[in-house]
Amino acid sequence: MSHDYDVIIIGGGMVGGCLGLALSQSSLRVAIVEAREFSEKQSDSTGKRAIALSWGSRCILEQLDIWHPVNDAAMAIKHIHVSDKGHFGKTRLSAQSQNVDALGYVVEAAKIEAVVAGSLKQSTIDSLCPASLVDYVVHDESADVTISLNGEEKTLSCKLLVGADGGLSKVRECGDFELKEYSYEQHAIAGLIKVESDEHDIAYERFTSEGPIAMLPHFDGLYSLVWTMPSELAQEVMQLPEDEFIGRLQSRFGQWLGELSLSGKCQTFPLNLSHVPNNTAERVVLIGNAAHQLHPVAGQGFNLGLRDAAILADALMSDENNIVTVLETYANRRQLDQALIMGFTDNVIKLFSTDSALFSVVRNSGLLMLDKIPLMKNQFARQTMGLGSRLARLKKVD
Ligand SMILES: Cc1cc2nc3c(=O)[nH]c(=O)nc-3n(C[C@H](O)[C@H](O)[C@H](O)COP(=O)(O)OP(=O)(O)OC[C@H]3O[C@@H](n4cnc5c(N)ncnc54)[C@H](O)[C@@H]3O)c2cc1C
């Protein structure tokens with residue numbers, strides 16, 4: 001049976017775009033259907049959010065031949081400093097003790113999207129944009145995918161449909177996928193902060209009774225802030241005059257980076273945990289935020305989605321003619337990593353966003369133990385670096 005494409009990817013965001021790039025190294029015929037024009041996405045201020053890339057993500061971007069341009073726009077994290085406001089427990093992870101150049105890197109989301117889009121343009125992948133998914137029907141040997149392109153509906157057949165269309169996934173909605181959702185009833189305030197300190201290679205995680213604060217090194221002496229708190233409080237904090245806003249942040253974060261001041265406007269994001277326990281179905285698979293949406297404080301959402309893309313590409317390139325085997329291999333190889341990262345993020349949020357005295361003892365002894373026992377510290381570092389599971393092998397076709 002002939003198909004229009006081997007693979008149709010709905011969603012050309014960071015995860016869908018990277019899957020497209022990985023598959024462009026194969027002989028598969030691939031199309032990416034993206035709803036928003038590239039210029040529209042680049043002018044959107046959410047693109048300014050800082051993404052902490054793990055060492056494992058760097059390894060995948062190297063295999064996609066886009067690490068150098070991403071690295072040109074990245075800040076290296078040499079140390080991670082984790083502490084709990086008002087308590088002794090703190091831990092410091094260092095790149096040197098893990099024998100790597102950096103524990104991770106910070107890059108603006110829009111920069112990664114620009115590099116991915118530029119590389120896709122040079123590739124053999126068909127980009128259908130602006131176009132959005134309308135519906136799809138699965139048959140024994142194909143999926144018929146109806147999209148709206150230039151105001152007209154068009155149906156394309158493929159062997160495999162990939163939903164990489166983000167947290168509000170239409171692929172998920174049109175299919176028979178069960179979504180489990182949990183709202184933290186928290187918002188994150190994100191923005192850029194000027195700091196007094198001239199140290200620019202340390203990432204900070206600071207846990208407070210209202211919620212965690214992450215400060216990631218950014219360009220031009222700035223730090224990128226993700227400050228989590230209950231939703232109602234976030235609305236109040238966003239209304240504060242600048243000096244009170246900074247005073248509040250400084251009192252929660254402390255003096256680790258000296259005096260802080262705002263650089264531009266902050267934004268808020270609602271925080272939910274959602275995931276699809278079975279993210280494969282007949283001829284359909286969900287990856288990235290379409291399959292799991294995490295709290296941003298652990299900086300794992302894109303890293304996890306990128307590993308989804310890499311393993312799916314690896315499975316497809318190993319056995320492109322047998323989609324059933326590809327989906328089984330994919331599900332087996334992704335289950336543990338997804339469950340570990342989701343459980344880890346969820347536990348960290350619950351353990352650290354509370355004022356309970358018992359939790360406070362547990363989390364402080366946890367942080368102290370982490371600092372004192374090298375083996376635990378190494379395992380924590382490897383998970384954070386995205387090296388907790390076997391990496392994909394993405395091979396080029398000559
Ligand atoms: C404040 C904040 C900080 C974060 N920090 C980090 C971090 O430090 N590290 C990290 O790893 N992650 C971080 N994340 C998470 C990360 O941003 C996401 O996990 C990642 O963007 C998910 O990428 P995606 O491609 O799966 O989805 P998206 O980025 O949502 O892309 C989905 C794409 O699909 C398109 N689309 C949607 N519907 C359709 C349709 N019907 N038809 C066609 N196209 C469609 C959209 O236009 C979009 O381009 C953070 C998130 C937030 C909010």
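Predicted model: local features only at pLDDT ≥ 70, side-chain atom pairs only at ≥ 80, totals over all residues.

Trainee: How far apart are the C-alpha atoms of L103 and A203?

Mentor: Along the chain, L103 and A203 are 100 residues apart.

Trainee: What share of contacts in the protein between residues at least 6 apart in sequence join residues at least 24 apart?

Mentor: Let's go to the whole chain for that. The protein has 398 residues, and buried ones make up 46% of them. There are twelve helices and 19 strands. Of the contacts between residues at least 6 apart in sequence, the share that join residues at least 24 apart is 73%.

Trainee: Which residues of α5 are buried?

Mentor: Find helix α5 at residues 109–121; its 13 residues reach 18 Å from first C-alpha to last, close to the 18 Å expected at 1.5 Å a residue. The cover over its buried residues includes α1, α2 (38–43), β3, α4 (67–72), β7 (104–108) and β8 (126–128). The buried residues themselves are A110, K111, I112, V115, V116 and L120.

Trainee: And for helix α8, how far apart are the end C-alpha atoms?

Mentor: Helix α8 covers residues 242–253, which makes twelve residues. At 1.5 Å a residue they should span 16 Å, so we can check the model against that. It agrees: the end C-alpha atoms are 16 Å apart.

Trainee: Now the strands. Which residue is the bridge partner of L192 in β16?

Mentor: Start with β12 (180–195). It pairs in the antiparallel sense with β15 (residues 222–230) over nine bridges, and A190 has V226 as its bridge partner there. β12 also pairs in the antiparallel sense with β16 (residues 260–275), over 13 bridges. In β16, the partner of L192 is S263.

Trainee: Is E185 buried or exposed?

Mentor: E185 is found in strand β12, and it has a positive phi of about 50° although it is not a glycine. Count the other C-beta atoms within 10 Å and you get 11; 12 or fewer means a residue is exposed. So E185 is exposed.

Trainee: What about N150, buried or exposed?

Mentor: N150 also has a positive phi of about 50° without being a glycine, and it is found in the loop between β10 and β11 (152–163). It has 8 C-beta neighbours inside 10 Å, so N150 counts as exposed.

Trainee: Last one: which element gives the most to the shell around the ligand?

Mentor: Of the 34 residues around the ligand, G11, G13, G166, G288 and G301 come nearest. The elements that give two or more residues to the shell are α1 (14–23), β3 (50–54), β9 (131–138), β12 (180–195) and α9 (301–318). With four residues, the one that gives the most is α9.

How values were computed: Residues numbered from 1 in each chain as written. Near = placed C-beta within 6 Å. Expected span 1.5 Å × (residues − 1). Pairing = 2+ DSSP bridges. Buried ≥ 20, exposed ≤ 12 C-beta atoms within 10 Å, placed from the backbone. Contact = placed C-beta atoms within 7 Å.
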